[in-house]
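I'll jot down what I look up as I go.

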Amino acid sequence: MYIEYETAQVTKSKRGYVIKEKNPSKRVPDMLPRTDFMPTKLIRTSDMKVVYGSEVHEGYCALSYSWNQSGRILKHTVTGEIKRIDKAKHRIIYPKGDSLNLSISEGDDEESDEGEGKGKPSHKIIHTLRSFKNGFLSKESKYYQQEEYQLDYLGEVGQDYMQPNYIDNSDLGDFLGKLVQEDYYSNTGVKYVKFESILQRICQQFNISYIWYDQMCINQNNKREKQREIRNMHHIYNNAYCTVALVPEFHLEHYDINDEYLYDNYHKKAYEEFVNAENSLQNHQYFKRLWTLEEAIKAKRILFVGKNIHCWGEDLTRQ
């Protein structure tokens, strides 16, 4: 299967609410200390080239993921041999104007057309919504009159929430959530890429210079090498600074998380959604596969990265 990764990631802040970041504030430190054990091979993420671990003078991270989420997986009916086909159908979604700086050969660019003709009204609409944080917005209000063409943008969503003559403050969280979800894709670009490009982008964002990734660090056609590296698997994950657990199903509905526009109902709903997403982690494929579960257990620390959300293992909300 092919997966989707959004570069604007949502996470929890130290002050107890959720924020959206293009550049995560909690990242891997620079120049990790080199461990006594180093994998035979590593990926240098600046250019995604395979290098020998013995030649690397700093620490590394490791990737943990489900193979079937890295492309189309084929199994030979006689030999049982598994082969991966990647036709660059994975998607990176990024804010328009951002540069991805990817090394691996990529697919086509696509400017999302889901918001075509709708303009970019969200900041004005949110300003309008903030004006009635403590009350109602009447159709006779000067705010409604000023922003009426903006509300037309919402189509049916706007009509649902503007009847009969006002929006109750208790509905603001749902209203703004739907508003931002509809507006989101009008301000993003889409890049079709190979799985390795998603890995490189994650490493760029989280400041990972070297990573162990089985499909590039092990010659999949060399049975002896595969057996040797499998025997070293517990050393590889136990000595990595952190394990990046890629869980594509881990996601949050689109919210325009921004301090300037936050108000109580919107804030609380977004935070609740984040905690619910954390609590559902164990229900995803990642925790139902023996290999990935073992890798997570062996990891010193773990970074869960989803479609548009991430969290460090030590920061998970405990319930």
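Predicted model: local features only at pLDDT ≥ 70, side-chain atom pairs only at ≥ 80, totals over all residues.

Is Cys311 buried or exposed? I looked it up: Cys311 is buried, with a relative accessible area of 2%.

Residues are numbered from 1 along each chain as its sequence is written, and side-chain values use heavy atoms, with hydrogens and water left out.

**Entry: the whole chain**

I found eleven helices and 15 strands in the protein chain. These are DSSP runs numbered from the N terminus: helices are H or I with at least four residues, strands are E with at least two. The chain has 319 residues, and 49% of them count as buried.

I traced an open sheet of seven strands, in the order E5-E4-E12-E6-E13-E14-E15, with mixed pairing. Strands E5 (49–52) and E15 (310–312) are at the edges with a single partner strand each, so one side of each has no neighbour in the sheet. Two strands pair here if DSSP finds at least two bridges between them. From one strand to the next, the twist averages 30 degrees. Angles run from 0 to 180 degrees between N-to-C directions, and the axes are lines fitted to C-alpha atoms, for helices over the stretch in contact.

Arg44 has Tyr210 in E12 as its bridge partner. Helix H6 (residues 195–205) packs on the sheet and touches E6 (61–64), E12, E13 (243–246) and E14 (302–305). Contact means heavy atoms within 4.5 Å.

**Entry: the cores**

Which residues have the most contacts inside the largest nonpolar core? They are Leu63, Ile211, Trp212 and Val244, in a core of 44 residues. Such a core is a set of buried Ala, Val, Leu, Ile, Met, Phe, Trp, Tyr and Cys residues joined through side-chain atoms within 4.5 Å. H6 gives the largest share of this core, five residues. A second, separate core has 17 residues, including Ala277 and Leu316.

**Entry: cysteines**

I counted disulfides, meaning pairs of cysteine sulfur atoms within 2.5 Å, and got zero. Cys203 is buried at 1% relative accessible area. Its closest cysteine sulfur is in Cys61, 7.5 Å away, which is too far for a bond.

Most residues other than glycine have a negative phi. Ala88 has a positive one, near 55 degrees, and sits in the loop between E8 (82–85) and E9. Asn101 also has a positive phi, near 50 degrees. Ala88 counts as buried at 12% relative accessibility, whereas Asn101 counts as exposed at 56%.

Definitions and conventions:
Buried < 20%, exposed > 50% of the residue type's maximum accessible area, 1.4 Å probe, protein only.
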